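Please look at the protein shown here.

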Amino acid sequence: MDRHTELRSFVLVAEKGSFAGAALVEGVTPVVMGRRLDALEKRLGVKLMHRSTRGLALTELGEQLLDQSRALLREFDELERAVGAGRDLVRGHLVVSAPAAFGRRHVAPHATAFKALHPELRMSFNFTDSVVDLVREGYDMAIRIGEVTDPNYVALRLFPNRRVVCGTPDYFERHGIPRQPEDLARHNCLAFNLAGGQQRGWTFQREGRLFAVRADGDLACNDGELLYGWVKQGLGVGWRSTWEIQAELKRGELVTVLDEFAVPSYDIQAVYPQQRYLPAKVRRFIEHLRESYNRPGYWEE
């Protein structure tokens with residue numbers, strides 16, 4: 001039994017003048033209230049109340065403890081209220097990880113507006129295409145593209161996204177349009193080569209089952225934005241996210257192929273470690289990003 005419960009029960013019994021009255025307030029039995037007082041007296045090694053058939057009477061030490069306990073409990077309640085109010089204050093240091101290209105284009109640009117709303121906040125960003133360990137490396141949150149399977153993390157969808165095969169109209173005019181994922185073996189596939197990236201191939205879906213197709217080409221790198229640039233130059237086909245190519249698709253500079261085989265969900269997600277209380281700085285920044293990403297026309301700008 002914690003000391004706070006013992007002291008609060010002692011004060012309540014003293015104020016109500018009976019175990020029954022105090023038990024009614026606490027929603028427990030009089031026996032439980034009696035055990036709490038017994039535990040407090042045993043721990044302190046003193047008698048706090050005289051109990052008789054006529055009622056309860058505080059001892060001299062009990063009177064002293066009652067006044068001090070009331071003051072301590074008031075301070076404790078005020079501290080709880082202050083901490084609770086602080087949960088809604090956006091301040092401190094927010095540390096965010098995101099994929100390199102996505103972070104530069106769709107996370108960092110929103111930092112200044114968010115900072116203007118919350119001037120007491122400091123923000124730090126690490127944009128990398130490596131998957132970081134949020135807890136071990138000290139991040140408050142991350143932006144991830146695709147499925148998050150770690151049960152120690154909470155993932156919240158910010159915007160729907162898919163991975164699609166795309167290229168320029170000129171490229172497909174010169175090399176033909178693949179009709180099946182296996183046809184990519186005859187195309188110049190510009191693939192991401194960072195460990196844990198696309199080395200296992202590009203993933204597709206057929207009749208509800210996932211499968212991978214090996215992606216080979218004469219250019220590969222660990223920088224998604226560079227790959228994106230090569231695709232736009234017509235040097236080959238890429239397996240890119242829809243968030244990245246919406247503007248080019250609208251202008252007709254890129255076209256997609258094999259859409260019927262695309263994995264249906266590769267969403268943009270905010271990820272943070274499992275915790276009992278989510279800090280306001282994390283919660284509010286997630287809300288800020290979600291509102292921005294869902295503004296009509298955002299991805300086509």
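## A cluster of rings

Trp299 is buried, with a relative accessible area of 9%. Here buried means under 20% relative accessible area, exposed means over 50%, and partly exposed lies in between (1.4 Å probe, protein chains only). This is a predicted model: local features need pLDDT of at least 70, side-chain atom pairs count only at pLDDT 80 or more, and totals for chains, interfaces and linings use all residues. Residues are numbered from 1 along each chain as its sequence is written, and side-chain values use heavy atoms, with hydrogens and water left out.

The structure holds 13 aromatic pairs. Rings of Phe, Tyr and Trp (its six-membered ring) pair if their centres lie within 6.5 Å; planes under 30 degrees apart count as stacked, over 60 as edge-to-face and the rest as tilted. Tyr293 and Tyr298 have ring centres 5.6 Å apart and planes at 45°, so this pair is tilted. Tyr293 and Trp299 also form a tilted pair, with 5.1 Å from centre to centre and 50° between the planes. Tyr293 is buried, with a relative accessible area of 0%. Tyr298 is buried too. Ring pairs link Phe102, Phe159, Trp243, Tyr293, Tyr298 and Trp299 into a cluster.

## A charge over a ring

Which residue lies over the face of Trp239? Arg163 does, at 4.3 Å from the ring centre. A charge sits over a ring if NZ of Lys or CZ of Arg is within 6 Å of the ring centre and within 35 degrees of the ring normal.

## The nonpolar core

A nonpolar core is a set of buried Ala, Val, Leu, Ile, Met, Phe, Trp, Tyr and Cys residues joined through side-chain atoms within 4.5 Å. The largest one has 26 residues. Met141, Ile143, Phe285 and Tyr293 touch the most other members. Several elements each supply at least two residues of this core, including β3 (92-98), β5 (141-145) and α11 (280-293). The largest share, 6 residues, comes from α11. Helices (H or I, at least four residues) and strands (E, at least two) are DSSP runs, numbered from the N terminus.

Now take Phe285. Leaving out residues up to four places away in sequence, Phe285 touches Leu94, Val96, Val107, Phe114, Met123, Phe125 and Met141. Contact means heavy atoms within 4.5 Å.

## The sheet and its helix

In what order do the 5 strands of the open sheet stand? The order is β4-β3-β5-β14-β6, and the pairing is mixed. Two strands pair if DSSP finds at least two bridges between them. β4 and β6 stand at the edges with a single partner strand each, so one side of each has no neighbour in the sheet. On average, neighbouring strands are turned by 25° against each other, direction ignored.

β5 and β14 run antiparallel and are joined by 4 bridges. Ile143 stands opposite Ala270 in β14. α11 lies across β3, β4, β5, β6 and β14, and runs at about 25° to β6. Axes are lines fitted to C-alpha atoms, for helices over the stretch in contact, and angles run from 0 to 180 degrees between N-to-C directions.

## Two positive phi values

Glu207 is found in the loop between β9 (202-206) and β10 (209-213). Phi of Glu207 is near 50°, a positive value in a residue other than glycine. Is Glu207 buried or exposed? Glu207 counts as exposed, at 80% relative accessibility.

Leu258 is found in the loop between β13 (255-257) and β14. Leu258 has a positive phi of about 60°, although it is not a glycine. At 5% relative accessibility, Leu258 counts as buried.
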